Structures are given as C-alpha cells and as structure tokens.
Amino acid sequence: SVTERTYIMIKPDGVQRGLVGKIIARFEERGFKLIALKLTQATPEHLEKHYADLKGKPFFPGLIKYMASGPVVAMVWQGLDAVKTGRVMLGATNPLQSPVGSIRGDFCLAVGRNICHGSDAVESAEKEIKLWFPEGVVQYTSALESWVFE
Ligand code: DAT
Ligand code: MG
C-alpha cells in the first residue's frame with residue numbers, strides 16, 4: 001500500500017565512500033517519502049539485534065565488526081510497495097549478481113562490503129523501524145503525494 005514503510009540503511013562503507021547523497025537521491029527521485037533519518041554509529045549489541053536471524057553464520061562476527069566500524073545512515077522511506085521496491089532498488093545481496101542500474105550493481109563489488117541494507121518483508125521492516133527509531137518517525141504531508149499517486 002501507499003503507506004508501506006521500509007528501513008533502509010547506508011552501511012559504513014557507503015558513508016565513507018561518499019555515497020550518501022546518491023543513495024538518498026534515488027529514493028527521493030523514485031517518489032518515496034522520507035519519514036526518518038539519522039547518522040549514528042551502532043554498537044555491536046545493537047547490530048546483533050538487527051542481524052539476529054544471521055547469528056551462527058560463519059560471516060556473522062565479521063559482519064558485526066564491519067557494521068560497527070563507522071557511522072551508518074539510518075532511514076525510513078514510505079510509499080507504494082516500499083519494502084519490495086526498496087529491495088529491487090538495492091539489488092541482490094551479492095553485488096556481482098546485482099543488475100547495473102541498482103544501487104549495489106552500480107556502486108560495489110563484494111558481498112561483505114555491499115554499502116546498503118533494506119528490509120526484506122513488511123514485518124521485518126516494522127521490527128527494524130522500532131529498533132533503529134524507538135523515538136518514532138516524523139508525520140508530515142508531502143507536497144508531491146498527489147502527483148506521485150493517483
Ligand atoms: P541482505 O542484506 O541482502 O538482506 P542478508 O540479510 O542475507 O542479505 O545478509 C545480511 C548481510 O550479511 C548482507 O548484506 C551481507 C552479509 N552477508 C550475507 N551473506 C554473506 C556471505 N556469504 N559472506 C559474507 N557476507 C555475507
Ligand atoms: Mg537481510
């Protein structure tokens with residue numbers, strides 16, 4: 001639905017490589033509405049909650065270390081089919097399998113340095129939004145809404 005929300009995060013490598021503006025621009029240009037945003041350096045404990053489903057995978061310790069190594073940009077974007085569309089815009093988990101034109105397909109090469117995160121389902125999106133924005137998101141009317149949607 002039009003009010004679907006997804007949690008999108010620019011990982012430490014995306015921030016360090018100066019890709020914040022480019023990644024945000026893609027979501028803005030597509031017509032999604034920004035309803036929360038912050039630059040924050042997450043603790044390993046916080047990241048272990050975010051990636052709880054992957055605990056036990058061989059790459060888990062390296063993933064937590066990488067994600068805690070610098071600030072990330074945490075965002076919530078709202079709009080039609082935001083979760084699925086957000087994942088399509090990011091590309092595949094492995095950048096080598098990401099089509100050119102997707103964020104990962106255009107800006108990175110290695111699965112362990114894939115510059116961005118996007119929720120994989122509506123339920124996980126709501127969980128991730130609560131985890132990263134316990135203070136809540138911002139409510140406002142977007143002037144574009146009546147031009148982006150019927
Ligand atoms: P996604 O980020 O596309 O949702 P995921 O949830 O399966 O993918 O994994 C989370 C992150 O963990 C992923 O973005 C990069 C890292 N990762 C996944 N599989 C990996 C692997 N085989 N080797 C190294 N890192 C991996
Ligand atoms: Mg995932």
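## Close-up views of a predicted single-chain model

**Figure 1. Order of elements in the protein chain.** From the N terminus on, the elements of the protein chain follow the order β-α-α-β-α-α-β-α-α-β-α-α. The radius of gyration is 15 Å, close to the 15 Å that the globule rule gives for 150 residues, so the protein chain is as compact as a globular protein of that length. The radius is taken over C-alpha atoms, and the globule rule is 2.2 Å times the number of residues to the power 0.38. In total the protein chain has eight helices and four strands; helices (H or I, at least four residues) and strands (E, at least two) are DSSP runs, numbered from the N terminus. This is a predicted model, in which local features need pLDDT of at least 70 and side-chain atom pairs count only at pLDDT 80 or more, while totals for chains, interfaces and linings use all residues. Residues are numbered from 1 along each chain as its sequence is written, chains are lettered from A and ligands numbered from 1 in the order in which they are written, and side-chain values use heavy atoms, with hydrogens and water left out.

Figure 2. The C-alpha atoms fill a box of roughly 45 × 35 × 25 Å, taken along the principal axes. Of the 150 residues, 43% are buried; buried means under 20% relative accessible area, exposed over 50%, and partly exposed in between (1.4 Å probe, protein chains only). The protein chain exposes about 8300 Å², and carbon and sulfur atoms supply 57% of this area (Shrake-Rupley method with a 1.4 Å probe; for residues, only the protein chains shown count as cover). Among contacts between residues at least 6 apart in sequence, 77% join residues at least 24 apart; contact means heavy atoms within 4.5 Å. There are 18 positive and 16 negative side chains, and the centres of the two sets lie 6 Å apart. Lys and Arg count as positive and Asp and Glu as negative, whereas His and the chain ends are not counted; the place of a charge is NZ of Lys, CZ of Arg, CG of Asp or CD of Glu.

**Figure 3. The annotated domain, residues 3-140.** The UniProt annotation "domain: Nucleoside diphosphate kinase-like" (unreviewed entry) covers residues 3-140. UniProt positions are given in the numbering used here, feature names are shortened, and annotations may be inferred rather than shown by experiment. Over residues 3-140 the chain is 41% helix and 17% strand, with the end C-alpha atoms 12 Å apart.

Figure 4. UniProt places the feature "active site" (unreviewed entry) at His117, a residue of strand E4. His117 counts as buried at 10% relative accessibility. Not counting residues up to four places away in sequence, His117 touches Tyr7, Ile8, Met9, Lys11, His50, Tyr51, Leu90, Arg104 and Glu128. Gly118 also has its place in strand E4 and is buried, with a relative accessible area of 3%. Leaving aside neighbours within four places in sequence, Gly118 is in contact with Tyr7, Ile8, Arg87 and Leu90. The C-alpha atoms of Gly118 and Met75 are 43 residues apart along the chain and separated by 9.7 Å.

**Figure 5. Helix H5 and its cover.** In helix H5 (residues 82-90), the residues Ala82, Val83, Thr85, Gly86, Met89 and Leu90 are buried. An α-helix has 3.6 residues a turn, so residues three or four places apart point the same way. The cover over the buried residues of H5 includes strands E1 (5-10), E3 (72-78) and E4 (116-118), together with helices H2 (20-30), H6 (103-107) and H7. Just after H5, Gly91 takes a positive phi of about 100°.

**Figure 6. Two non-glycine residues with positive phi.** Asp81, in the loop between E3 and H5, has a positive phi of about 55°. Asp81 is partly exposed, with a relative accessible area of 34%. Ile115, in the loop between H6 and E4, has a positive phi of about 60°. Ile115 counts as buried at 0% relative accessibility.

Figure 7. Leu131 belongs to helix H7 (residues 122-132) and is partly exposed, with a relative accessible area of 22%. Not counting residues up to four places away in sequence, Leu131 touches His46, Lys49 and His50. Gly136 is found in the loop between H7 and helix H8 (145-148) and counts as partly exposed at 31% relative accessibility. Gly136 and Leu34 are 102 residues apart in sequence and 13 Å apart in space, C-alpha to C-alpha.
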